[in-house]
Structure formats: structure tokens, C-alpha cells
Amino acid sequence: MMKIGIIIVSLLLCTGMVYSQGRISGKVLDQLEAPLRFVSVVLYNAETDELVTGTISDDTGNFSFSNISLGSYFLDVSFIGFKTQKSSLFYLTYEQSNVNLNFVLEENIELLNEVVITSRRPVIQQTAEKLIINLEQSQMISSNLQDVLKKVPGIIVINGNVTYGGQQGVKILINGKTTDYMDISSLLRDFPADNIAKVELIQQPGAEFDADGSGPLINIILKKNVSLGTNGSVKLNAGYDNRPEYGLSSSIASYKNKLNWQLDAGYKKSAWREDLFIKRNINNQIYDQATIEPYSPKTIRFNGGIDYYITEQHVIGVGARLIDTESDRIASNSTYIIKGDVSENLFTDNSFERNSKTVNLNPYYKFEDEKNQLILDFDYVNYNNDNINTIYKIKESDVSYNDQRYFQDGKYKIITYKGDYKRSVNDGFNWMFGSKYSKVSTDNDLESFEHTATGEFGLDPNQSNRFLISEDIVALYFKVFKKCKTWSFSGGLRWEHSDTKGTSSNPYEVKNRVVSKLFPSVSIDRSINEQFGINLSYSYRILRPSYNSLNSFVFYYDPYTFEKGNPNLKPEFTNSFQFNLTFERKPFFSIAYNNTNDALFELVSQNDLTAQTSRSIINLSKRENWNFRVFAPVKFGNRLDGYSGIIVNYNKYKSSVLSPKLDLDKWSLTWYSNIEYQLPWDIHSELIGYYTTGGLQGQIEHDWLAGLSFALGKKFMNDKFKVNLGIEEVLNRKFEGRIRYANINADIQSDWSRQNVYLQLTYNFGSNFNKKKETRSASEEEQERIKENN
């Protein structure tokens, strides 16, 4: 009967006898009947399954569609953190041209125990294993990944060094895999923030993550194109950081029918500096060394991806990335050797001609229905780093020195196959398992030259070497989640087997290392009452040496300072425990304890005969870390929103093998805060600050540090045009430290770019109708172990 009615209405429409359009409206609530805003509501034609239009709910949870042609339709309603709902079939007819549909969204089981702490600023959510910072609704736009990480509670970024309230060993992942960049400083400064959807601080990684690491994981989740139709953006960056810097990027994406694609490209010329001052006492002489090193790398990047939705459950896609960085620079070195009233000097320059290129290809397949999810993922990375490094004497120097030149070429290839399957039995029970295979091959070639009497550079075969690494890693894991009334349990077991072979040409030597272990992880939650809840978690992890630290190369920064590899390194193993106390379902107090055997440690040594210092990674007997955290939201009225917290951290390093024995320990306290305030004329302001007392960075005991950054943001042209202005590192506080171990008596000062100003202009164009977000997580920890000194 209904079909006959539609046919009659259609005939009447053809003759122009009736009005041919209707209206659809409704409201979206959560399970507590509170309205949900920014919910994606998409309208589909029921006969063709084609997209008609889309919208988002307003501040009261209401949505509506007007001027909709008569016919049969259904709605798709989705919001991050909640289960997607699909309405039943409904009709717009001449008799009923207005339809009202209401939705109550259920919380996603994967996000159980998550608590929304803030609203207008980046949304912060806490689970048993991780802290989630959702940036998609934030009014403030950061320029790079370094700015984004400053918004993560407890994360302190100082001159490219990332710590978690004094805790070292923080690893950075991109979509569940380690970065395609091979240097952390470059990653932090060059990776664009506008590609980032959210950040996960994973304090206790589960079995689905690689067991590699000793500290927290920072997982950067990139944005997927979820806007229907064609859309894009153009962004211009300009600033002053020791020297002018600028960048231009653009992106375009399209989501129509079953095809979703996106392209973006960018160019950036950065500017910063890293100055180092060392004063050492050697045999009644003072060595006063200074290195002034300005950086001005140029980076070109291209990213692309395409997803094809074969059916509603089956998706295939591929992503590709190309990053090319040129980092030519000259570091100026000066050394004054003082004994009583007599002083000698040596002035040198260190010239770098460096180029690195990364190519990444990532095809995947995904199947998902209400109960099952299967992801098959392949990842290919090809990384090349070419460098010519020349140290030469300048000016008139009292100390003689033969100029040195180094050709260093590094090639890395990583191939990874990964599969994950998840079964959701019901709202309180799910399990998953997966496997991964990685094959890594590295080829590092060092040719060392010394200036001869003929005025040319001659090859020094004793300092030249070629080092090859071949590594295979196989992993299997299983994880289960169960919730029962006030209790929830999450437990997993991961098995990893790695076979590593290192070959050195000078002298010829082959070293094999096989590691095969089980890595358990478990988490138990309980809601004590309406106010209090507790969580206990444990994980066992491995940290393999970086490929660069295994190289037996010797690399000079200046005539008196060099770095050397250690092919005898073993991986470290960490037992990690954590206790969380929540009040009214909000994070309140946490205690964490890590105990690491064969800890990887950067040891600074000194040769009193040559007056040279060297850095090298070694294995310590033990490293211990205690971490106490208090976290609380900060909110006053409707304009001020944010968070603040305190972390008390204790580090202890111990080795009985070294002579003299190494036994270092230090307590430190870190305060951090991130406040956003809405000024008149809808201008958003953000203030980020931290203060940390003295602590340990390996052998270096440092004094207090503090930082303060400020930013303003304003939207124009119906929110399509955004302007951000900021100043970073307002406080002029340098890093002051010292080493007092064995024969080393050194004072260290590190100075970097501060009080830098930036301006960011962003224009968004195209549609803004959102569809269901698709995220996937693949794992590729081997890339993090490739490091180059940019």
C-alpha cells in the first residue's frame, strides 16, 4: 500500500500538483539524556544507498534537513567515543512530509572508563591504559608536533628532548607505528600539527602494541578525511626563531559515494639554534669549549591516501608519503685551554652537507561489522641519509690541528606485515589477537679523510668502516577484555622473537643476537562507590638498541668531542607497575614504578692524555624510576578552562661493572598547566607553562627549568579563515648542569632558541558534512631505532 502511495505521489509531482519537498529533524542525546553537540548526521537515499547530504548537531543536540525530495531514506549518526547508530527506513510522502527522529547514543566499549574533563579546549579522556587528548574541536591551532605535545599533561619538551615529568625513554608513534622521520628533533619541528586528530599518552601499553620501549608511548593519531564532498585547506606559517622561518602547505580531499581520497603537500624552511658550552678541569688545566650551531633545514613533504569502500563492511586503501630534508649548516667551535696565566686556543668550523629522504608506502584491507574487525596491513619504508662533514681550523689558532672530512651514507629498508582481528561478543566482553613480521636491513658506510701536507684530503683506512645490520622480528599476541558490574579486566600476552646480525668491515667482525621472550600485560579496574575508583596495571617490555648506536663508527663534533657506537649492546627489559585512584570518575592520583635490567645508558667518558670526551651507549646493571602524579581540571565560569598537575619523579642509575661504580639518584618535582581563556570578540587565548626542579639526564645533574608559551586565535568568514599568533619560550632560562664522575669534572650549559614568535593563517574550503570516522592502527617500532644526528 505504501509503494502505491509513493507511485501516486510521484505522478502528482510530475504534473506539478503537489509540493515536492519535506523536512527531517531530530535530537541526539547520550545515555544520561544530555544533548550531544557536533554529532555527525548523514542522510542516505534508501533505494540507491547514495549520500544525499549531512549536517552536525547544534549545542542543544538538535539537527535538521530542509528541502528534501520525497522518497525513502535512512540516517547514519556517529560521534567519537560512541557507537554509530543507523536509523530504520522512513519515507517522506505528500501525506507526511515532516519526519522527527531522536537518537540516544551508547558509549563505545573501547572507551569504557573514559572521562571527559574539558569541553571547549582539547578534550581530555582517561582510560586504564592511556590518556587521550582530542584536538579536533580545539580552537587553538599549533604549528608543529612539538606544539601539540606541549598540550599533553605531564609531557615536557625542552630543545627536542621529550620527557614525562622527568621520566626518560618516551617513544613517539604515528598511527600506532613509529615515525617515518629518523630524528626526533626533526620530527617535532617539521611534522605539521594540522594533520593531527588526537594524541594518546599510553602509560601501560597493552599486548596489541610492540613490546619495544621503557617509558610511556605517545601515539599520534592522524586525521582521516571524514568530510563528505570535496574540501581542503591552505596554510601559511611565518615566524622568527633566531632567524626568519616560513612555510606553506595545502591539502585537498574528496569523499563521494565509495571513494575517499586526500592529498597534501608542504614546504617549510625552519630556523633554530642549539648552542653548547662545556668547561672541564683536566690535569690542572681548564678546557673552555663553545659550540654555536644554527639550524635552517628545508623540508618538502607529499602525502596521499585513497580508500575504496567495496561494501559497508569491506574497505581497501593505500597511503604514501615522501619527505625530503636538506640540512646544510656550519657549527662554530672554540676551545680555550687555560693553565694559570697561560692560555691557548683552537678555533674550528664544522660544516654539514646533509640530505635525507624517506619514502613510505602503506596498503591495507579492513573488514568490520557489529561483532568483528579484521585489519591486514603492509608497510614499506625506504630511508636514505647522505652526509659530508668537514671539520677545519679557522683564524689563527695556538693549537695545531689537521682538518678532517667524513663521508657518511646511511640506507635503511623496513618491510612490515601485520594482521589484527577483534571479536566483540557483547558490550562487556571482547577479545583480539594478531601477528606481525618485520624485516630490517641497514647499510652505513663511513669514509674518513685527513688533510695531508699536499693540501688534499687523504683516506684514513683506520677510521673508515662499513657496518651492516640485518634483523627479523616475529610477534604474536592475544588480548581479552571483560567487564562485570563494578569490575573490569584487561589482559594480554605478546611473544616476540628477534634475530639480529651485525657485520663490521674494519675490523671484520660478525655479531649475532637472538631474543625470544613472552611479554605479559594486565589491568584491573574497580569502581568502589560513586565517588572513588581504582586501577592496577602491569606490563613487561623490551627496549632494543637503536641501529645507529650499534654502529662501531666514531663521529667527531669538534676536535675534543666525539661519539662512538657500541656493537656489543644488549636490549634492556623493564617491569612496569601502576596504580590509579580516581575521584568522581576523574583522574586524581597515580603511582608508577619501573625496574629495568641491562638499562641502555649514555655514558660520557674522558681521556686525560688527549683531553677528549666521548659519548657512547652502554648497558647498566639497573635503572629504577618512581613516579607520583596528581592531576586536576581547572575551570572558572564559562570563559576559563584547562588543567594543571604535579609530578614527583625519582630516577636511580646503578652499575657495579664500571670503575668507579656508578650510583646516581635524584628526586625532582614538575608542575605543569595548560589554560585556555575566551577573550572578548570571540578571541581564544592559551597559556602553557611548566616548572621542574633539578633532576638527572643520565650522568648530567641539572638545575631547575621553566617554560612559558602564549597564543591567541581568532576565526573569520564563518569559521573558514583562522588566524593564530603566539610566542614560545618566553622565559629566558638556559639548561645548567654538571658531571662529577670518575675523572670528569665538567660544567655544561645548553642554550637554544627562545622567545620566538609565529603567525599562522589557515583557510578551509569545501564541504563540512562529517561521516563516520575510520581509524586504524598499524605497528612499526623499527623505524624509531634509526636515528640520525640532524
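1. Ile-330 has Ser-351 as its bridge partner in β26. The model is a predicted one. Strand β25 covers residues 329-339, and strand β26 covers residues 342-368. The two pair in the antiparallel sense, over 11 bridges. They form a hairpin, with 2 residues between the strands. Gly-340 sits in that turn and has a positive phi of about 65°.

2. β25 has another partner: strand β21, residues 285-292. This pairing is also antiparallel and runs over 7 bridges. Ile-286 stands opposite Ile-338 of β25.

3. Arg-329 belongs to a charge-over-ring contact. Its charged end sits over the ring of Phe-352, 4.3 Å from the ring centre.

4. Is strand β2 mostly buried or exposed? Of its 6 residues (40-45), 5 are buried, so the rest of the structure largely encloses β2. The cut-off behind this is under 20% relative accessible area.

5. Val-42 stands opposite Gly-54 of β3. These two strands form a hairpin with 5 residues between them. Asp-49, in the turn, has a positive phi of about 60°. With β5 (residues 71-78) β2 makes 6 bridges, again antiparallel. There, Ser-40 stands opposite Ser-78.

6. An open sheet is formed by 3 strands in the order β4-β1-β8, with mixed pairing. β4 (62-69) and β8 (98-104) are the edge strands, each pairing on one side only. From one strand to the next, the twist averages 15°. β1 (residues 21-29) and β4 run antiparallel and are joined by 6 bridges. Within that pairing, Gly-26 stands opposite Phe-63 of β4.

7. Now the aromatics. Searching the whole structure gives 30 aromatic pairs. One is Tyr-556 with Phe-562: the ring centres are 5.0 Å apart and the planes meet at 40°, so this pair is tilted. Tyr-556 counts as buried, at 18% relative accessibility. Phe-562 is buried too, with a relative accessible area of 12%.

8. How are the rings of Phe-628 and Trp-667 arranged? They are stacked, at 6.4 Å centre to centre with 25° between the planes. The stacked class needs planes under 30 degrees apart, and pairing needs centres within 6.5 Å. Phe-628 lies in strand β41 (residues 622-636) and Trp-667 in strand β43 (residues 662-679), so the pair ties together parts 39 residues apart in sequence.

9. Phe-628 counts as partly exposed, at 24% relative accessibility. Trp-667 is partly exposed as well, with a relative accessible area of 47%.

Notes: Residues numbered from 1 in each chain as written. Predicted model: local features only at pLDDT ≥ 70, side-chain atom pairs only at ≥ 80, totals over all residues. Heavy atoms only, no water. Buried < 20%, exposed > 50% of the residue type's maximum accessible area, 1.4 Å probe, protein only. Helix = DSSP H or I, 4+ residues; strand = E, 2+ residues; numbered from the N terminus. Pairing = 2+ DSSP bridges. Phe/Tyr/Trp six-rings, centres within 6.5 Å; stacked < 30°, edge-to-face > 60°. Lys NZ or Arg CZ within 6 Å of the ring centre and 35° of its normal. Axes fitted to C-alpha atoms, helices over the stretch in contact; angles between N-to-C directions.
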